[in-house]
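Student: Hi, I'm new to this one. Could you walk me through a few spots?
Tutor: Happy to, let's look at it together.
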Amino acid sequence: MSAETAPEIPDGVTASDLDPEVRRDLQGLDKATADRVARHLVVVGDVLAEDPELALAHARAARARAARVGVVRETAGIAAYYAGQWQEALSELRAARRISGDGDALLPLIADSERGLGRPERAIEVAQSPQGQALTGEEAVELAIVEAGAHQDLGDLEAAVRVLEGQDLRAGRTGTEAARLFSAYAGALLQAGRRPEALTWYQNAAAADIDDATDAEFVLQELLSEVPPEQAVTEPVPTDSQTADAAPLPVVYDALFFDLDGTLYQGYTPLPGARELVAEHAATSYYVTNNASRSAAQVVDHLAELGFAATPQQVITSAQVGAALAADRLPPGSKILVVGAPALRELVAEAGLVPVDSADDRPAAVIQGHSPETGWAQLSEAALAIRNGALWIATNTDTTLPTERGLLVGNGSMVAAVASATEELPQVAGKPAAPIMREALARSNSRRPLMIGDRLDTDIEGADAVGIDSLLVLTGVTTARALLAAPPHQRPTHVVGALTGLDRPAEVLRIGPQRDWQISVHENRVTAEPRGDADPAALLPALANAVWTAEVGELDLRISSPAAAATELLDDLGLGSR
């Protein structure tokens, strides 16, 4: 571009408006040229979003005067990218990388330009290159979004989902990076036909998008308005005397995801209120269990023995999800070393894979689930196969197994032994990992589910992983004191002592300020004062909110009350001053 055809630089734009670090890159030019190039670059930054064609004209003008300056070529490449000039963008961005020698942050734009030229395979090659795999932070997220789009271009919709699942999908994060990732993941789920999960992740994206960097909220509203009447899930409407908060908690949600042991029963004994709750919500109840030693049919039979009605379709086990993960990642007919119960072995075979018992069979993967028969020999075979490069999938990582006798050694403890021997970590199917929760969302077709469980590190963290509400019951592993010390990703939405308490209004069980209770926190001293005829069920939600807000959960809390009845409640919860 000649000086005569260069776009006019607006009055008032000066070289000093350019970032000082960028100006330093122009020091090799004579002063007049450096000033003019700097002013063109300033205009590029000012108009890029609104008028990419004009931005590109200014970038070309800068390039005509400083083609050997890396930042100038980078700016030209970015402007060409925004203007949709894919071949020019590729040329400029590659030149910028050659000149600067450290332009790996440009790989997302390079890969997306390959997509723009109709070459998704090359985009995937860029993403999977050593330089692409070495990216971190925002650049890694952007490259993953591009790679997922390339897989969609090729029609491999599940591959697109898997790419994004490798990023930080912790619901509750905020900011542009999280919003863009969540929105892209939601779009990939929607294209893959997983609408309920997509709705959940568009909700997460909208919540994360504090800077309005995505259209997640608009897309969410469009999707909700497009639900056909015959497929829409009608949420129960409270009567005139009830608001949603005043309605009992189970009525507020359209599906209930139950943990089993410690939540619905203990060993062979149903817990109070469990059978009545399930019977009342039989059609919308789902059973999400990390127990990999039983098939879905066996779980149904066990539930029936205890008085719970269920179908195999309503049962989601970590063994099912683990076998599905293996089938997604391996070609049909691949050998997989199974460490676990016969039910897990059968699921692996049903998934089109070949179960084997020895590392000598050169398995492509190892899948490890709980079995009382697992011993040193089986763990050693797994370790050998993993050290030889086999993919490793654990159905769950629960370190303990609750029984009527107490806590026994769980699958997670045996997984830890193999991890210690191999210095590797497995992909996890069960709670708190997201795959089992996504399967529950897909099965239920739910728009607003509630996860109900007794463990912070599996049930509650699993709900947090996919951005759904959760209810902690204190009939299993977790104590009230452990709840107060819970880290953010293990904090439930609601808490109740037992399922018999679910007749209380939802607002009473929600963790947050409670009008019936005044909670004061001074360092490690917490005081609970009832207001009038205070609802006992609201005490723990109020305490948890106050302790978490004050960030004192990790201290040795001294909790007391001036009221005798409240002191008795604290003692019942195991929270009385020690």
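This is a predicted model: local features need pLDDT of at least 70, side-chain atom pairs count only at pLDDT 80 or more; totals for chains, interfaces and linings use all residues.
Student: Where is the place of Thr-374?
Tutor: Thr-374 sits in the loop between strand 8 (365–368) and helix 19 (376–387). Helices (H or I, at least four residues) and strands (E, at least two) are DSSP runs, numbered from the N terminus. Residues are numbered from 1 along each chain as its sequence is written, and side-chain values use heavy atoms, with hydrogens and water left out.
Student: Is Thr-374 buried or exposed?
Tutor: Thr-374 counts as buried because its relative accessibility is 14%; buried means under 20% relative accessible area, exposed over 50%, partly exposed in between (1.4 Å probe, protein chains only).
Student: And what is Thr-374 in contact with?
Tutor: Leaving aside neighbours within four places in sequence, Thr-374 contacts Val-339, Gly-340, Gly-369, Leu-379 and Met-414. Contact means heavy atoms within 4.5 Å.
Student: New topic: how many residues has the largest nonpolar core?
Tutor: That core has 60 residues, and Leu-484 is one of those with the most contacts inside it. A nonpolar core is a set of buried Ala, Val, Leu, Ile, Met, Phe, Trp, Tyr and Cys residues joined through side-chain atoms within 4.5 Å.
Student: Which helix gives the most to this core?
Tutor: Helix 25 (residues 539–550), with 8 residues.
Student: What does Leu-484 touch?
Tutor: Not counting residues up to four places away in sequence, Leu-484 touches several residues, including Leu-540, Leu-543 and Trp-548.
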